[in-house]
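Trainee: I would like to learn how to read the packing of helices and the spaces inside a protein. Could you take me through an example, step by step?

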Amino acid sequence: MRGRNILVVGAGPVGSVAALACAQLGHRVTLLEARERIDDSPRASTTQPPTLEILAELGLIDEYIRLGLVAQTFQFWDRPTRRLIAEFDFGRLQGETAYPYVVQTEQHKLANMCIARLMGQADVRMGFEVLHLEEAGNCVKVKTSKGEFSADYVIGADGGRSTVRKSLGIEFEGYTWPERFLVITTKFDFAAALGCCARNYMAGPEEWTNLFKVAGDDLKGRWRAVYNTREDESDEEALSDAAVRARLGRVYVPESERDYLHLNLYKVHQRVAKQFRKGRVFLCGDAAHVNNPIGGLGLNSGIHEAWDLARLLTEEKDLDRYERIRRPLNIEYVQEQTVANKKRLEEREPARREARFDELRRMADDPAKHKAFLMRASLIESARRAEAL
Ligand SMILES: Cc1cc2nc3c(=O)[nH]c(=O)nc-3n(C[C@H](O)[C@H](O)[C@H](O)COP(=O)(O)OP(=O)(O)OC[C@H]3O[C@@H](n4cnc5c(N)ncnc54)[C@H](O)[C@@H]3O)c2cc1C
């Protein structure tokens, strides 16, 4: 049955996509966001081909590409020796997807784009923090900092610390890594200096670095250099000017060019909610699962969930399908892959490091293996599994 009353908690990228998808499918949508404006600190940007296909269905793709950067390749490097190990080319996915590349568009741009389209189509409330919710008969009662709401269904897309998940008493199973990740945003042009591409994974036995180019709000281009911290390194030390400049030096930035625009230090987890659904309430995106960002998979899988859930709530049959399909897919394609990606970068034992490099070279050199690796890394395989199920 169409035209249900759906309340989405959280206007991050996943909640705002869920809200837009539900509104476009004819539902009455309320979107509640605790903040007064969308958080624009540097977080996810890599958008995989199946996610681009969803954004196209939502009518967002042209603006999304215009506000970001198209990146067709990614590279693995050995950081200490400055050696390019292997390059993978999404062009090999030609024929498998209408978008054989990733687009690097910062996540706040997606949320803002969806919210702009929701105006007039949905009830969007900024500065409304959800405090608690509970099912009552055929609806869900949602208590917020500014009054109570009621809905047929609730989509909890309120991030890793999800109040919705906690209200439902759902366990967030998994673990937190001992080190933190530091993101340094700089205008230094790594492509010109190192000959790298727009997405690079640089392995290192003590410290690794991932280098990504994004467009920035002014579309003039920025680089994000992501590092692991030492386990015994305090936050103050990691964020100190001297340590940040030393880290830039270790990815070959000359001393005179080590200025930076922004720092972001955060804890990294691998966790999956024990349930993705309880009655009329569903968890989506980081509220349902969190992972290390290596490979750019977590947010993408959240958008896939939002899209699937909007369609499932429209069909309104076998609502258990959501958890039955999405939870194992997250474990297999996001948790397992991001843990493997992290291990590949941080391997310390010299012989095993070289073996991992050889494996990457062999995959890159063999057309069938190259494509198979990309089908998985791009989440096309996961999206196909979801459709088939
Ligand atoms: C610091 C940090 C850096 C990251 N960097 C990267 C990266 O470099 N690459 C990468 O791939 N991924 C990164 N991630 C992960 C990525 O940002 C997330 O996967 C993505 O944000 C998930 O989107 P979401 O919409 O599910 O959750 P969020 O983006 O967390 O959005 C949740 C929204 O819900 C709102 N909210 C929370 N509680 C309530 C409430 N009670 N009531 C109403 N609203 C509420 C929040 O204000 C927020 O707007 C990072 C995450 C963090 C925390």
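Predicted model: local features only at pLDDT ≥ 70, side-chain atom pairs only at ≥ 80, totals over all residues.

Trainee: Which residues of helix 1 and helix 9 make the contact?

Mentor: On the side of helix 1 they are Pro13, Val14, Val17, Ala18, Ala21 and Cys22, and on the side of helix 9 they are Leu299, Gly302, Ile303, Ala306, Trp307 and Ala310. Sorted by class, this contact of helix 1 with helix 9 has eleven nonpolar residues, one polar and no charged. In this pair, helix 1 passes helix 9 in a right-handed crossing.

Trainee: What is the handedness of the crossing of helix 1 and helix 4, left-handed or right-handed?

Mentor: The crossing of helix 1 and helix 4 is left-handed. The axes of helix 1 and helix 4, the latter spanning residues 107-118, come within 8 Å and cross at roughly 30°, and these two helices are therefore roughly parallel to each other. Helix 1 contributes Pro13, Ser16, Val17, Ala19, Leu20 and Ala23 to the contact, while helix 4 contributes Gln107, Leu110, Ala111, Cys114, Ile115, Arg117 and Leu118. By class, the contact of helix 1 with helix 4 has ten nonpolar, two polar and one charged residues.

Trainee: At what angle do helix 10 and helix 12 cross?

Mentor: Their axes cross at roughly 120° and come within 11 Å, which makes helix 10 oblique to helix 12. Here Glu332, Tyr333, Gln337 and Arg344 in helix 10 meet Phe373, Arg376 and Ala377 in helix 12, and the classes in this contact are three nonpolar, one polar and three charged residues.

Trainee: How many cavities of 30 Å³ or more does the structure hold?

Mentor: The structure holds three of them, and about 160 Å³ of space lies in the largest cavity. Of the 15 residues that line this largest cavity, the closest to its centre are Phe74, Tyr201, Gly295, Asn341 and Ala377.

Trainee: Which element supplies the largest share of that lining?

Mentor: The largest share, four residues, comes from helix 10. At least two residues of the lining are supplied by each of strand 5 (73-78), strand 14 (199-203), helix 10 (321-346) and helix 12 (367-377). By class, the lining of the largest cavity divides into nine nonpolar, four polar and two charged residues.

Key. Residues numbered from 1 in each chain as written. Heavy atoms only, no water. Left-handed = near helix turned anticlockwise from the far one by under 90°. Contact = heavy atoms within 4.5 Å. Nonpolar A, V, L, I, M, F, W, Y, C, P; charged D, E, K, R; others polar. 1 Å grid on protein atoms, 1.4 Å probe; cavity = no way out; pocket = protein on both sides within 12 Å on 5 of 7 lines; lining within 4 Å. Points joined across faces, edges and corners; volume = space filled by probe spheres on them. Axes fitted to C-alpha atoms, helices over the stretch in contact; angles between N-to-C directions. Parallel < 35°, antiparallel > 145°, perpendicular 65-115°, else oblique.
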